[in-house]
Amino acid sequence: MATLGFHRTPGPALPSLNVTPRPARLAEVWYSNEPAGYVPILTSGFGNKSADRWMLGTPEGTVQAVVPTLGAPGVPVGSVRVVYPAGWKPVAAATSPKYRQILGGGIRNVYLSFWFRVSPSWKAGPQGVDNILTLRTKPGTPELRLAFMREQGAELVPSLRLGGLHRPYDGVAAPELAPNSAPGTTVRRGRWQHWELLLRGNHPGHADGKLTWWLNGLPTGDQAGLEFWGPGGPWIRDVAWDLTAPVAGTPILQRIVLDEMYLSAPATSGDRIVVMNDFESGVQSQAPAGTTILVDAFTGTGASPCANDLVVAGGAILPNFLDAGANCPPDEIAVFSTDNAATIDGGAGGGQGAAQSPAQGIWHDMSGERRVEDSRGPRPVEAVLWIVKEEDSRKRKVELVARGEVEQANAMFNENRAGIRLEVVDVEHVWDSSPTSVAARAAIGCQSVNGSTACTCLPTLPASGFFRAGKLNAYYVPQVFDEPASPRIVGGLNCRYDHSNTLLDPNIVYMSVAMSSPTALAHEVGHGLGLEHTADGSGEWYQGKVPADNVMRDDKWLVSASLLLGQAFRVNVETRSLLRRNGMQSGPHRSCECELWAACTRANFILESELGQQCPPVTRAWP
Amino acid sequence: MLRANRCAALRSALVLFLSSCDSPPAQDDERVWRWMECLECRAFELDSVIALGNGVVPLLGRILADGPPPGRLGRIHRALDSTYQRLSYAPGVAAIDSAEWVDHYLANYIDTYKGRAAWALGQIGGGAARQALDSALTDSLSQDVRGQIQYVVDSVCGARPDLAECR
């Protein structure tokens, strides 16, 4: 299979607050055999099954998902216990409990650790073996059974069975590996057992894969020379506790308790985007945080005719809101990916977005699962802060306030996947005792009003020496006046249009030092990025769908703020956004909002029903 | 009075407010609050208040004298406290002391209310409005609010020196 190509441009350092932090390790000390540089991709303590997002398959026996008093050593709460009463019989066709999580696909190296305990009376399953844990590459394929027990006499021997190898090992398609580092190792019934395993994938075309495993911290097995997969994968995609049920009718009560699942993989530089084919339902409950999954649904008779039926991000479905209808999307899809930005992919046929999206081309060949990584960070929007304040004694504080508002705006953009961040490249103090103060006052549009100073948008500002083209220019002034002819004191202003509704520059922002709220800068930058108000003095514009803390509300003095998915989409692709004006976004774009500043009022905003397939509704919320 | 001093006094007053009183003024009117709280105020918020006429002057006078109602001020204060804690990981925010950061925005919130009350009073006009403005000028105000009040008085009376309240 072809190796994917994708845009990989070194990105700037991410902000310190990440929207999808990787899970933390449960207890660092337990993972002594974890290689350096691995980061958690799954941790489940089973203190809360739903929070851990494990999917319960078809249970047999009595599954008690959370058992407060029976945790693994050192763990206070939660485990999964499966109980098979004496004389237990399957209620239907032979099935077994499955606790599964999708890891995101494409994983070639993985470390896993978990705890389990079987009851003192435990008897092996029908084949004399008990499967405990498997890793799979795709549904229907043979599994890498990386933890199972074979009953030998009275003993339970820990073992591995490798299904689905790309090339048979030593002539065996599905070899079974017994402990070779410590022959004679057994699983002790009635005691907690700690299982660790490190899988190092083979290089393409080489039988150099390796498995190393430990029981209770002691080396147990070590097997090299494995060729797990071919050059195009498929690689590890999901993990399952795929328990083998005991022999039906066994006249003794049996139970197995599982706890503290942990998987880690080598750190990557970006988020994961995964394409899945023919995938069964339930994907939304299994997608790990931080992974965007594009799903081609399985209809029962074959793959859906649509390339992408769903987008799953962070465990929730994002309907393909560019869908043309009939569950078949147009030749585009919007992807919120590593950089937290929405990008529009051109889809099959080399659409116009193909060069923009990190997922470019991945659905040109839907014959197998794919994984791409996007190392880009949020787009840096270069900003210049102009501190315009008469009192020298306060200018340092004003600068600190301004920088703090930049950071608060960045936190909001990052938390809400806006895909941008403000990067302060310069701070200019233009209003002090220097000879330039008079010129600065005139150029920036400020006038003295009875001992105070008020400033407003001035069409000549971009041509002055007090403006940096192609950057966001935020002027922190004593007060901001809108429309000098009929002045109103306002907290902030974006000068994308001047007072006669002539296009000026969305890069010009005025901030009132005396009256702005902590979120006012984010609001004004939001205008520069193409966003319009969602509420104002006339009320909320969208039938109550706008959260109380939405950053584009103009009816509340907001202390903290958020963005909706529909707004994050616009930030990245809106035609009028300063990203395009500043040459930062040259790919597909959309005109989702009303065209003129004056027209963007509650009475004139574009109805959601009129957006067609071009834009998601502005009120589309994050799932 | 310096803004910092005013903030210290405000903090003391706020403790009393939070512990005793959270009731809005008698002539509460949503249109007034929207004018007070808007950022850009492009939806004719001021015009809506002016349309209320003299009946809203007492409320505006109280806002000009006292700032936001205690309940609103308390909510903003608590929100600022929690927001600072949430953002204090960021160096740009942490560079300012928590109390200073909160006081800055609390003062902005108060000045916004007082300044906009002054604007509305100036536009409504009349003896009561002028009296409220004059009275406020004798109080301890930030330079920004004082400038706004003076601007309102001057601009109204500059355009209409014949008005009784301007003589």
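This passage describes the pairing and burial of strand β15 in chain A of a predicted model. Residues are numbered from 1 along each chain as its sequence is written, and chains are lettered from A and ligands numbered from 1 in the order in which they are written. In this predicted model, local features need pLDDT of at least 70, side-chain atom pairs count only at pLDDT 80 or more, and totals for chains, interfaces and linings use all residues, while side-chain values use heavy atoms, with hydrogens and water left out.

Strand β15(A) spans residues 254–266; strands (E, at least two residues) are DSSP runs numbered from the N terminus. Of the 13 residues in β15(A), 11 are buried, a term denoting under 20% relative accessible area (1.4 Å probe, protein chains only). Strand β1(A), residues 38–44, pairs with β15(A) in the antiparallel sense over six bridges, where pairing requires that DSSP find at least two bridges between two strands. Within this pairing, A:Val39 has A:Ala265 as its bridge partner, and A:Ser44 is partnered by A:Met261. Strand β1(A) is likewise mostly covered, with seven of its seven residues buried.

Further antiparallel contacts of β15(A) involve β4(A) and β6(A). Strand β4(A), residues 80–84, is joined to β15(A) over five bridges, and A:Val82 stands opposite A:Ile256. Strand β6(A), residues 109–118, runs antiparallel to β15(A) with seven bridges between them; here, A:Phe116 lies opposite A:Leu258.

How values were computed. Buried < 20%, exposed > 50% of the residue type's maximum accessible area, 1.4 Å probe, protein only. Helix = DSSP H or I, 4+ residues; strand = E, 2+ residues; numbered from the N terminus.
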